Amino acid sequence: MNYQEIISFIRETFSEKDAHILLHKPVFSGKETDYVLKTLESTIVSSVGEFVNRSENMMSEIAGTAKAVAVVNGTSGLHLALKLVGVNSGDEVISQALTFVATANAISYTGAEPVFLDVDYDTMGLSPNALQAFLEAFGEKRESGTFNKKTGKRIAACVPMHTFGFPVRIEEVVEICRTWNIPVVEDAAESLGSLVKDKHTGSFGDIGVFSFNGNKIVTAGGGGMLVTNNIDLGNKAKHLSTTAKMPHAFEYFHNEVGYNYRMPNLNAALLCGQLEKLDFFLENKRDLANQYQEFFHGSGIQFRSELPDTRANYWLMCIELDGKKDRDDFLKLTNEKGVMTRPIWTLMHKLPMFQHCYRDEQRHAEKLEERIVNLPSSVR
Ligand SMILES: *Cc1c(COP(=O)(O)O)cnc(C)c1O
């Protein structure tokens, strides 16, 4: 298939003949403006307010979890989640090299070191086989947890990521981690609305973390949410995210080093407006995915669809090209013609600050890095 045909199809599909077509632009067609103005008029714009609570209730409902705690962004949510499951300085945390840098940064903020394992080729998320192989080769169960026999460090958590909203094999990952007593923090930043057997991503591990950054499926301008079925962890998340201040009518007493991570009410107002539109966004994007699927059918270019037993949110849609040369030609042509496309992120172990970290063979991640391209995926 000629790349120019793809550009024409995308232009027709978005019916924006001349404009620059973005990868994912936000749409504010619900009560967003109403809620934001109401918040300004009330002067309650900061980190205590009705919309913060309302967004938490909406998110625990959507994710099907006992608790949801609103935070300033997904990165700080991951940082907090890792602290809460007990990650400390000098520990190791298992994750994937194929991810956005925030996953590895959050691990580093705790003073722990990321361990990068391969992804499955089909899910693009952490491979249960790679996880099992790593733990069998390096893991040693002791009373205080699982240790890496080679480095002597504790393996304190595992952070699988649901790439572009396609669910990782989360049940297998959680099962393996349970056997080894390793807590699971799901990086669900990209997977709001994505399910595995009708259960929401983010609700399988000990804690799940969502992001509401400007390019995500719904946005709060900036924001994040921790979800958990462990009420105690949820309460601790709220405590730590609000400077660990003990409740009191007027006194300021903080019982540990806390964080200023709570989502402001102004952002939560926008988020509530957006979350009300989530079902519409999901359907609209599924429709676009079907159109892409049909267009690429039989073309020799594979459009990535959801796997059996899963429901993807189709946050960023992707195609698989034949190799790095094709990928680069495609990226160059489309971006020159005003149709924004993007390669997968540079794998984490290739970034200067993570080059020294342990990584396995990365056979699938390397191949995906050379082949996957994101296409414009906005709600129309
Ligand atoms: C967006 C994203 C984050 C971080 O979210 P922010 O809200 O931007 O801090 C974390 N992990 C992944 C995989 C993401 O895509």
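Is Lys324 buried, partly exposed or exposed? Lys324 counts as partly exposed, at 42% relative accessibility. Here buried means under 20% relative accessible area, exposed means over 50%, and partly exposed lies in between (1.4 Å probe, protein chains only).

## About the model

This is a predicted model: local features need pLDDT of at least 70, side-chain atom pairs count only at pLDDT 80 or more, and totals for chains, interfaces and linings use all residues. Residues are numbered from 1 along each chain as its sequence is written, and side-chain values use heavy atoms, with hydrogens and water left out.

## Salt bridges

Side chains of opposite charge can pair when their charged atoms come close. A salt bridge is a side-chain nitrogen of Lys or Arg within 4 Å of a carboxyl oxygen of Asp or Glu. The structure holds 19 salt bridges.

Lys324 takes part in one of them. Its partner is Asp328, and the closest N and O atoms are 3.1 Å apart. Both residues lie in helix α11 (residues 324-336). They are 4 residues apart, about one turn of the helix. Helices (H or I, at least four residues) and strands (E, at least two) are DSSP runs, numbered from the N terminus. Asp328 is partly exposed, at 30% relative accessibility. Elsewhere, salt bridges that share partners join Lys38, Glu50, Arg54 and Glu276 into one network.

Arg304 and Glu320 form a salt bridge, 3.0 Å from N to O. This pair links distant parts of the chain, 16 residues apart. Arg304 is in the loop between β12 (302-303) and β13 (310-311), while Glu320 is in strand β14 (residues 317-320). Arg304 and Glu320 are both buried.

Asp122 and Arg169 also form a salt bridge, with their closest N and O atoms 2.7 Å apart. They too link distant parts of the chain, 47 residues apart. Asp122 sits in the loop between β3 (113-117) and α6 (128-138). Arg169 sits in the loop between β6 (155-158) and α7 (170-179). Asp122 is partly exposed at 33% relative accessibility. Arg169 is partly exposed at 27%.

## Asp120 and its neighbours

Which side chain makes a polar contact with the side chain of Asp120? The partner is Arg169, at 2.7 Å. A polar contact is a pair of N or O atoms within 3.5 Å; within protein, one must be able to donate a hydrogen and the other to accept it, and residues adjacent in sequence count only if both atoms are side-chain atoms.

Asp120 lies in the loop between β3 and α6. Asp120 is buried, with a relative accessible area of 9%. Leaving out residues up to four places away in sequence, Asp120 touches several residues, among them Leu126, Pro128, His364 and Leu368. Contact means heavy atoms within 4.5 Å.

## The ligand site

How many residues surround the ligand? There are 15, and the closest are Gly74, Thr75, Glu190, Ser211 and Lys216. A residue counts as near if one of its heavy atoms lies within 4 Å of the molecule. The shell divides into 4 nonpolar, 8 polar and 3 charged residues. Ala, Val, Leu, Ile, Met, Phe, Trp, Tyr, Cys and Pro count as nonpolar, Asp, Glu, Lys and Arg as charged, and the others, Gly among them, as polar.

Polar side-chain atoms lie by oxygen atoms of the ligand. For Thr75 the distance is 2.5 Å. For Ser211 it is 2.7 Å. For Asn213 it is 3.4 Å. Taken alone, the ligand exposes 380 Å², and the protein buries 93% of that. Accessible areas come from the Shrake-Rupley method with a 1.4 Å probe; for residues, only the protein chains shown count as cover. The elements that give two or more residues to the shell are α4 (74-84) and α5 (101-109).

## Helix α4

Helix α4 is mostly covered, with 9 of its 11 residues buried. The buried residues include Gly74, His79 and Leu84. Asn73 caps the N-terminal end of α4. A side-chain oxygen of Asn73 lies 3.2 Å from the backbone nitrogen of Thr75. Just after α4, Gly86 takes a positive phi of about 100°.

## Positive phi without glycine

Most residues other than glycine have a negative phi. Ala244 has a positive phi of about 55° although it is not a glycine. Ala244 lies in the loop between α8 (231-241) and α9 (265-275). It is buried, at 0% relative accessibility.

Tyr314 also has a positive phi, of about 50°. Tyr314 lies in the loop between β13 and β14. It is buried, with a relative accessible area of 5%.
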